[in-house]
Every structure is written in structure tokens, then in C-alpha cells.
Amino acid sequence: GTYNLGTVGLGHWVKRLHEVLKKHQEINLVKTVGTRAFDDKREELEKYGISEDRYYRVNAGDPLPDNFFEGVDIVHIASPNQFHKPQTIQSLEKGKVTVTEKTFATNKQDFDRVIKFIRDNKLENKVTIHLHYLSKVLTKELQNRLPELIQKYGKIPGISATFFEKTNEEDARRTWLFKPENGGIFLDWIHPVEITSHVLKAESWKLIDARTFLVQPLYDTVNPTAVEAKFEINGGNFKPSSVIHIRVGKGFDFEHKRFRLN
């Protein structure tokens, strides 16, 4: 059979998703929600096969329209992070399989509320956070080889993770990324944390030091577009008081992505 997909937001992830869906018949993109007028997005929406009667315009922060959920099996939430908590809960209340980009919320209190809602209603098999670095080939290979590497070289005393991206027009348009209400640059570049937690099984994190700095005023002249942080991490695969040093940012003159285990 096939499943009908509705998206909240038309960001770069929907563009990537559409390229995959064109090659498969199991999932059809049938509806979407946005904050701009249909005519402003007509070219893009028509490319996705979304007609005006299946496009739902809302004001930022408004609940998703009830009509959007009708006939939809899966909801993909790719809106700014500050709206993820209410939109995730609303989608689950409507009984939809829900995929939320990167985070359920932008602070621990709200994140825990979403988790409590999921557990209280036994919805663990209905929802997931989309953390795309977990599905990359190198990440999966590291997960497969980790036991033999630890047996051969010993437990991990430290990690250095640097994720820098070059300046590009798409990020310049996505100004919401750097706003505090959306979690800022660190939450957008959460990938070193997800790899360390999910693949390397870090069980606890303690912030040692952090500093933010402005790299690209084309993106934001007030909020930082890069951050450097150090955490003490513990877990079965680590030596006591291991440290991870994370540097992430957007808007550099060069691209540099490296995740190195010592």
C-alpha cells in the first residue's frame, strides 16, 4: 500500500525528501502547511504536486488546521524549532505518525513535557526525531566497528568534533536558525551530540566551557553563527572524565567537517 504524507514547512529538508519520494511509490506528498501565500510559493508547490486546495496557510505559532490532518498518515514537521513542541503534540493527538526535525523543543523543560506526553499515551512507536547524521554511511560504519576498535585501542579519552559550513544563499534566507527562541546555532548543528550519545553511548554530559562568536554577518548581525563548547562525558565506552570538544558554525570561507576519536 501507500501512505500519504503532509509536511509542516517547506524548508530544505522537504526539497531533499521530495527527491527521494520521486523514486519510490510507498509515500506520497499530498499536503503542506506554510506561512506565506500560495502564489508566493506556487512554483515550488506545483513542483511537489501540491494544488492550492491542499496548501494550508497559517500565521506563525497558530495551531495546525484540522483539515490538514484529514487523509494524511504521516506528518513531517520541518518548521522553525520554536513551534515543534505544540505541532508534534497536536499531530500525535490526531493519531498521525510524526517525524520531527532535530528536536521536540528548544529547552529541556519543554522537551521533557513532550517525552512525558509520548510515554503517558504509549506513543513511542508513533514518533521519531529526524537526526540525519545517524543514517550516514560513516556513522553506521563507526557503530558497527566500535566494539572491535575499543577492544584493540582501549576506551575513548576524548573526542574532537568540528562541523563548519561554507556561506550559502539558503542559510542566508533561513534567518530563524540563529534566533534564541529557536535554540540558536548549537541546536541547528546538534550532530556531534547525537553521534556521541546514540552511537558512542555517552550516558552523561557536563558542560565545562562554551563561547559563541559571530562569523557571518550576512546571516545575523546580533546572534552568533558559530559556537565552541567542551563537555565532560561518561559512559561504558569512555575513560573516566573524558572530554568532547565541539566546534560548529555556518558562514565560513571553507567547509570542514571532522569527527575524531582519540
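1. Arginine 42 counts as partly exposed, at 33% relative accessibility (buried is under 20% relative accessible area, exposed over 50%, partly exposed in between, with a 1.4 Å probe and protein chains only). Aspartate 39 is exposed, its relative accessible area being 53%. The two residues form a salt bridge whose closest N and O atoms are 2.4 Å apart; the term stands for a side-chain nitrogen of Lys or Arg within 4 Å of a carboxyl oxygen of Asp or Glu.

2. On provenance: this is a predicted model, in which local features need pLDDT of at least 70 and side-chain atom pairs count only at pLDDT 80 or more, while totals for chains, interfaces and linings use all residues. Residues are numbered from 1 along each chain as its sequence is written, and side-chain values use heavy atoms, with hydrogens and water left out.

3. The salt-bridge rule gives a count of 20. Side chains of opposite charge can pair when their charged atoms come close.

4. Lysine 102 and aspartate 188 meet through their side chains in a salt bridge, at 3.2 Å from N to O. Lysine 102 sits in the loop between strand 5 (97–101) and helix 5 (108–120), and aspartate 188 in helix 8 (residues 184–188), so the pair ties together parts that are 86 residues apart in sequence. Helices (H or I, at least four residues) and strands (E, at least two) are DSSP runs, numbered from the N terminus. Lysine 102 is buried, with 16% relative accessible area, and aspartate 188 is buried at 5% relative accessibility.

5. A further salt bridge joins the side chains of glutamate 148 and arginine 145, at 3.9 Å from N to O. Glutamate 148 and arginine 145 are three residues apart in helix 6 (residues 137–153), and therefore separated by about one helical turn. An α-helix has 3.6 residues a turn, so residues three or four places apart point the same way. Glutamate 148 is partly exposed, with a relative accessible area of 44%; arginine 145 is partly exposed too, at 36% relative accessibility.

6. Salt bridges with shared partners link Lys102, Glu165, Asp171, Arg174, Asp188, Lys250, Glu255 and Lys257 into one network. Lys102 and Asp188, the pair of point 4, are among its members.

7. Helix 9 (residues 191–199) is mostly covered, with seven of its nine residues buried. The buried residues in helix 9 are His191, Pro192, Val193, Glu194, Ile195, Thr196 and Val199. Just after helix 9, lysine 201 adopts a positive phi of about 65°.
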